[in-house]
Amino acid sequence: MASIVILTNFILSCAAEAMGCWKQEKTSTWAFPTLILCLYGFFYMMKPSEPFLTPYLMGPDKNLTTDEVTNQIFPVWTYSYLALLFPVFLLTDYVRYKPVLLLQGISLIVTWLLLLFAHGVLAMQLVEFFYGMVTATEVAYYAYIYSVVSTQHYQRVTSYCRSATLVAATVAAVLGQLLVSLAHVSYFCLNAISLASVSLAFLCAFFLPMPQRSMFFHKKDAPEPLPGPGKGPWSCQEERSPDAAARAPSPQPQAGRARPHRHMLSVLLQLGRDLRDCYGSRKLLCWSLWWALATAGFNQVVNYVQVLWDFRAPSHSSAVYNGAVEAVATFLSSLTSFLVQYVKINWDYFGELALGIFSAIDASCLFLMHFSTSIWACYAGYLIFKACYMLLLTIATFQIAVNLSMERYALMFGFNNFIALLIQTILTIAVVDSRGLGLDIVTQFLIYGSYFAVIHGIFMIRSICVLVSCKCQRKIERSCPEQLNQAEHESREQTVTSYMTQL
């Protein structure tokens, strides 16, 4: 027995040494951290139990009521997410990403352990708190890779990392649906599979190399310029004040060269100046406003749509197709986001019109889900709703990112999401929470449909103003040459008349 233990320890030590040597060789390139991060993202999103969370909570495993799930448990996620988002955003950059990814892995494991073995409303509220920690730390996943690869690989590694999460989400939803419908696997077993997957993600995080720099607190002395002709790394174009470029940030001193608290204060002040400069652009402000408003409504719908589905077709007496719907929704979202690149539209003129039209479609889908008693109508409305939102989010992301450096884009991304979460919290307190109105799930979707109808009205009015302004401007531009020609013709006539008079 002792010899087996010694042999096992010897094999493990050799494997660890080999992994260490291979890791040391590979960490200098972009391939190794990208591979490990993609594996982390895949296992992190590979949770086949997620589409069936509400049936699990309201089924025999947890035996919770609809009101307890809707009005007491789910709102905790919104509150914890809001409370943790800003400090986690700063902490993520300050500790250079990897520790926050490990924290996310621990939070995932705790979340699913509680889901599997804890009972009662308080325990499920604790689940929502830890899941709020998980979503607040998601920024580390998307920001980590930019600190360990050069700018020339940004587009490539971003594609890999996002593809890994999309593939995992689709595979998880399909797998969950097949296990439930064909193999009749219990929801408890699905959560056990999810626990195993997030545990593998946690293990993958240990192999990520520790970054030596970050976007804000640990910059290089001479940051690499982003690719693109004629664009400085801190450009924030159009409709800014003339001296905005002068206020663009200069490289911050590293923490080792200044007192830590003074360095942190200088970084925070610089972030405030960056936000002021970027939101000084009307174009960026308009797209950011839609981002915040629509994301708040979208998160609210996604958070409670399973409750509506269970109300229309109770899981204890009907077949549940939540996994199939989520898989199709993810596929349609990916497809619409991919097809955006082939749409040739002047978004400066027609961007607000597109936001208004698709917000009206979203509102119509939510009204359909409110008024229809058919579960299939609810499924169809959700598919269209999510596809339209992802389409517009892709456009908004491009419109915001195209004029910004990576640092300023990350800052605006975080701030827009913070505003969205603030709006979502207000909606939750007013509409969902038992301490507020505590509306039933069907009435909630009437409120959400009205909310998107208001967004539609805001951007349709804005689009009409923009189109009318552009039309008037074109008229002025056409009339100016005519007026100049007429003035030149009259001047020539006066000269000829004066000359003839002198004769």
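**Aromatic pairs and a helix contact**

Trainee: Phenylalanine 117: buried or exposed?
Mentor: Exposed, at 56% relative accessibility. The cut-offs are under 20% relative accessible area for buried, over 50% for exposed, partly exposed in between (1.4 Å probe, protein chains only). This is a predicted model: local features need pLDDT of at least 70, side-chain atom pairs 80 or more, while totals for chains, interfaces and linings use all residues. Numbering runs from 1 along each chain as its sequence is written, and side-chain values use heavy atoms, without hydrogens and water.

Trainee: And phenylalanine 188? How accessible?
Mentor: Partly exposed, at 29%.

Trainee: How many aromatic pairs?
Mentor: The count is 22. Rings of Phe, Tyr and Trp (its six-membered ring) pair with centres within 6.5 Å; planes under 30 degrees apart are stacked, over 60 edge-to-face, the rest tilted. Phenylalanine 117 and phenylalanine 188 have centres 6.3 Å apart and planes at 75°, so they are edge-to-face. They sit 71 residues apart, in helix 5 and helix 9. Helices here are DSSP runs (H or I, at least four residues), numbered from the N terminus.

Trainee: What about phenylalanine 385 and phenylalanine 452?
Mentor: Edge-to-face, because the planes are at 85°, with centres 5.4 Å apart. The pair links helix 14 to helix 16, 67 residues apart.

Trainee: Which residues form the aromatic cluster?
Mentor: Trp290, Phe298, Phe385, Tyr389, Tyr451 and Phe452.

Trainee: New topic. At what angle do helix 13 and helix 14 pack?
Mentor: About 160°, with axes 9 Å apart. They are therefore roughly antiparallel, a label for angles over 145 degrees. Contact (heavy atoms within 4.5 Å) involves residues including Phe358 of helix 13 and Phe385 of helix 14.

Notes
Axes are lines fitted to C-alpha atoms, for helices over the stretch in contact, and angles run from 0 to 180 degrees between N-to-C directions. Helices (H or I, at least four residues) and strands (E, at least two) are DSSP runs, numbered from the N terminus. Angles under 35 degrees count as roughly parallel, over 145 as roughly antiparallel, 65 to 115 as roughly perpendicular and the rest as oblique.
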